Amino acid sequence: MNPSGAAARDPGASRSQGEREGALMSIGEVLAHLRTEFPDTTISKLRFLEAEGLVDPQRTASGYRKYSWNDVARLRFVLTAQRDQYLPLRVIREQLDRMEQEPVVPQRPTLVAVGAQRATDPADSRIPKDDLVERTGIDEALLAELEQIGLVVARPPGWYDADAVIIVEAVAGLTRFGLEVRHLRAFKNSADREVGLFTQLLAPLARQQDPAARARASDTARELQALSQRLHAALVRTGLRGELGR
């Protein structure tokens, strides 16, 4: 057990070498495992964590990545520490290094890292700029551009919340495919229009002083967000299928 209250162990440590090799997974299979708990995870994110030294999958003769259950456990640990405790990668790497010095205890492959505390609201988090930059892998110049167009907002005297981390991670992934900051204005404008529409729907509940009504407003807001995300994803998938002729 490490200071964050989490554990990451190779569930196949007691198996033979042949059994462990037979359990190796492709990056797509690992992504499918992780997305049940971390739906925002992407292949680009897994590659980034590898580049940062958080996981070291094997490579086939053709160069394809092959992950063990130990690699999956490490990734779960990293993703949970980021999601629940907003720890920078440097701190997570130090925790993993310390854990490797401890005796190996066989665990089930479904074991996940559990943080000591979990933030109830992303807005309650206070993340310094240096941690945001280190965690997402972007440079300060790009962060400044994102703030300039209103995609990311810093709180005085320079703190960021958990949603800012999610936004910057997504932007970092998009820019690796060639998108530029000017292209991201459309995302911000679209989100602003949705906020305006949802605000009108939530206004009758939000204006009430009854705590129960305010709780219903919060629940409704979360449901609207989830439905909006599903609709957006389905529309993009449908559009791309048409463009790709599939």
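Predicted model: local features only at pLDDT ≥ 70, side-chain atom pairs only at ≥ 80, totals over all residues.
Buried means under 20% relative accessible area and exposed means over 50%, with partly exposed in between.

**Nonpolar cores**
- The largest nonpolar core has 25 residues, and V30, L34, L46, L49, L75 and I92 touch the most other members.
- Helix 2 (27-35), helix 3 (43-51), helix 4 (69-85) and helix 5 (89-100) each give two or more residues to this core.
- Helix 4 gives the most, with seven residues.
- Leaving out residues up to four places away in sequence, I92 touches L54, F77, V78, A81, Q82 and L87.
- Another core lies apart from this one, with 20 residues, including I127, L143, I149 and V168.

**Salt bridges**
- Searching the whole structure turns up eleven salt bridges.
- R90 pairs with E134, their closest N and O atoms being 3.8 Å apart.
- R90 sits in helix 5 and E134 in helix 6 (residues 129-136), so this pair ties together parts that are 44 residues apart in sequence.
- R90 is partly exposed at 38% relative accessible area, and E134 is also partly exposed, at 26%.
- R222 and D219 are three residues apart in helix 10 (residues 211-244), so about one helical turn separates them.
- D219 is partly exposed, at 42%.
- K45, R135 and E169 are linked in a salt-bridge network.

Notes:
Residues numbered from 1 in each chain as written. Heavy atoms only, no water. Core = buried A, V, L, I, M, F, W, Y, C linked by side-chain atoms within 4.5 Å. Buried < 20%, exposed > 50% of the residue type's maximum accessible area, 1.4 Å probe, protein only. Helix = DSSP H or I, 4+ residues; strand = E, 2+ residues; numbered from the N terminus. Contact = heavy atoms within 4.5 Å. Salt bridge = Lys/Arg side-chain N within 4 Å of Asp/Glu carboxyl O.
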